[in-house]
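Me: I would like to go through the labels used for this model and ask what stands behind each of them.

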Amino acid sequence: MWPDNETDIDLLGFEFLVDELLVLLKEPRVLPVTIGIAGDWGSGKSSILKMGARQLRAEGDGEFLVVEFSPWRFEDYEDVKAALLAAVLDAVRARAEKDPDEDRKTKLVKLVKRLILRVRWLPLARMGAAALLKAHTDLTAEQVALMTSPVITADLEAKQEEALKQLDTEDKPSAEVATIAEFRDTFHELMEALQVSALVVLVDDLDRCLPDTIINVFEAIRLFLHVPKTAFVIAADHRIVQAAVEHAYPEAVKSDPSIGTDYLE
């Protein structure tokens, strides 16, 4: 009897699927790209990811930077969107620190540090006012309200940055990456300079997550990480993901019942 665990050895006759996946990931003209591997629980999706990761890592001279991420493992402990960003940036930083060109290495590490500082604030911005005040007693109640506001506007972001100046310089994010657009631009610059053919992020266990977590993962990919030289492979039961989309946009479903299917497409 075989154990019901994922494997990086093809015991299921899935080699042809892995080959098709690798053809897409190795073609620069299609990047950036998001690829879905759809199937029921236990159908072998995780094994396809494992086999693909093994073959990508076997490419010469670290040509592909592979990040394996399971949002389900972070769901009960921290902000999943921040966890995904942190996993990607940690992998990029590790690669950047091995760059043999000292000037390029300095630039890469600086860019990564700026982005990591910003990511560290994502979970903090979702903390309750009491917890935030406890962690940083030098913030006023008004500043805490600004920092935890669920509605972000240009004016509010400027006030948030002013509030952040009250904290230690080492902990506050750079004003240059204060917005989503600027975060994305900085990440774009980072990926252009990084000496890899592609950053490949393999997302597994998404269909084990709650609807809000599923949407947060998609938002992190779309808003922050979808730049040249990136590829995302998402393994999930498409029915569960579709249901999560419909749960997140109930009003849209009323006017268009196919919204879940269209979102996935």
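Reply: The structure holds eleven salt bridges. It is a predicted model, in which local features need pLDDT of at least 70 and side-chain atom pairs count only at pLDDT 80 or more, while totals for chains, interfaces and linings use all residues. Residues are numbered from 1 along each chain as its sequence is written, and side-chain values use heavy atoms, with hydrogens and water left out.

Me: What makes E27 and R29 a salt bridge?
Reply: The term requires a side-chain nitrogen of Lys or Arg within 4 Å of a carboxyl oxygen of Asp or Glu. The closest N and O atoms of E27 and R29 are 3.0 Å apart, so the pair qualifies.

Me: Why is R29 called exposed, and why is E27 called partly exposed?
Reply: Buried means under 20% relative accessible area, exposed over 50%, and partly exposed in between (1.4 Å probe, protein chains only). R29 has 74% and is therefore exposed. E27 has 23%, so it is partly exposed.

Me: How do you know that D207 and K45 form a salt bridge?
Reply: Their closest N and O atoms are 3.9 Å apart, which falls within the limit, so the pair counts. The two residues lie in distant parts of the chain, 162 residues apart: D207 is in the loop between strand 3 (198–203) and helix 10 (211–225), and K45 is in helix 2 (residues 45–57). Helices (H or I, at least four residues) and strands (E, at least two) are DSSP runs, numbered from the N terminus.

Me: Are D207 and K45 buried or exposed?
Reply: D207 is buried because its relative accessibility is 6%. K45 is buried because its value is 8%.

Me: Which residues join D237 in a network of salt bridges?
Reply: D237 and R239 meet in a salt bridge at 2.8 Å, N to O. Bridges with shared partners join D40, D237 and R239 into one network. D237 has a relative accessibility of 4%, so it counts as buried.

Me: What makes the link between S70 and D205 a polar contact?
Reply: A polar contact is a pair of N or O atoms within 3.5 Å; within protein, one must be able to donate a hydrogen and the other to accept it, and residues adjacent in sequence count only if both atoms are side-chain atoms. The side chains of S70 and D205 are joined at 2.9 Å, so the distance is inside the cut-off. S70 lies in the loop between strand 2 (64–69) and helix 3 (80–96), and is buried because its relative accessibility is 8%.

Me: Which residues touch the most other members of the largest nonpolar core?
Reply: A nonpolar core is a set of buried Ala, Val, Leu, Ile, Met, Phe, Trp, Tyr and Cys residues joined through side-chain atoms within 4.5 Å. In the largest one, with 44 residues, they are L84, F187 and L190. Helix 3 gives the largest share of this core, ten residues.

Me: Why are the buried residues of helix 11 said to be on the same side?
Reply: V241, Q242, A244 and V245 are buried in helix 11. They cover an arc of only 155° around the axis, which puts them on the same side of the helix. The arc is that of the directions from the helix axis to the C-beta atoms.
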